[in-house]
Amino acid sequence: FLWTLADSMMNRSFVVGPAIPDWESLDFAALTARQFLDGKLLQESTGGHKGGNPLSLVVWQVQHCVAHRGGMKAGTIVTTGQLCGNHWVRPKGIVRGELPSVGRSIAFELAA
């Protein structure tokens, strides 16, 4: 239950892709994100992270875990939230997310 609550009860899946080379040079305020459902553009946003620079959220989370949980294990995946708004989709369809400025496109199929 606590994992669901922490995720605002929104995400059904979390997709992890390969490491992004030279990620330190990314300008997160200028990062564009796109969401598609079955090839139809649902939303495009630039600099859409509500926390500003998402790296500040990573720093906060690591500091919190060090102070209250004894640290974090190597290889822990940290998510900082979304770059586009929420879109409710039916149980079937092909969902694709794109980060054009980093050359990434990730797609997965939702099943009933």
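**Notebook: charges and strands**

I started at a ring: the charged end of R96 sits over the ring of F36, 4.1 Å from its centre. For "over a ring" I used NZ of Lys or CZ of Arg within 6 Å of the ring centre and within 35 degrees of the ring normal.

A note on the source: this is a predicted model, where local features need pLDDT of at least 70, side-chain atom pairs count only at pLDDT 80 or more, and totals for chains, interfaces and linings use all residues. Residues are numbered from 1 along each chain as its sequence is written, and side-chain values use heavy atoms, with hydrogens and water left out.

**Aromatic pairs**

I looked for aromatic pairs and got zero. The test was ring centres of Phe, Tyr and Trp (its six-membered ring) within 6.5 Å, with planes under 30 degrees apart called stacked, over 60 edge-to-face and the rest tilted.

**Salt bridges**

How many salt bridges does a search of the whole structure find? It finds three, taking a salt bridge as a side-chain nitrogen of Lys or Arg within 4 Å of a carboxyl oxygen of Asp or Glu.

I took E44 and R34 to begin with: their closest N and O atoms are 2.4 Å apart. Strands here are DSSP runs (E, at least two residues), and helices would be H or I runs of at least four, both numbered from the N terminus.

Next I checked R34 with E98, a salt bridge at 3.3 Å, N to O. That pair links distant parts of the chain, as E98 is in strand 3 (residues 93–99), 64 residues from R34 in strand 1.

E98 also meets R96 in a salt bridge, at 2.8 Å, N to O. Shared partners join R34, E44, R96 and E98 into one network.

Are these residues buried or exposed? I called under 20% relative accessible area buried, over 50% exposed and in between partly exposed (1.4 Å probe, protein chains only). E44 is partly exposed at 43%, R34 is partly exposed at 25% and R96 is partly exposed at 26%. E98 is buried, at 16%.

**Strand pairing**

I then went through the strands, which pair if DSSP finds at least two bridges between them. Strand 1 and strand 2 run antiparallel, joined by six bridges. L37 has K40 in strand 2 as its bridge partner. The hairpin of these two strands has two residues between them, and there D38 takes a positive phi near 50 degrees.

Strand 1 and strand 3 also run antiparallel, with four bridges. R34 stands opposite E98 in strand 3.

**A look at T32**

T32 is found in strand 1 and is buried, with a relative accessible area of 16%. Its side chain makes a polar contact of 2.9 Å with that of T46. By polar contact I mean N or O atoms within 3.5 Å; within protein, one must be able to donate a hydrogen and the other to accept it, and residues adjacent in sequence count only if both atoms are side-chain atoms.

What does T32 touch, not counting residues up to four places away in sequence? I noted E44, S45, T46, E98, L99, P100 and S101, with contact meaning heavy atoms within 4.5 Å.
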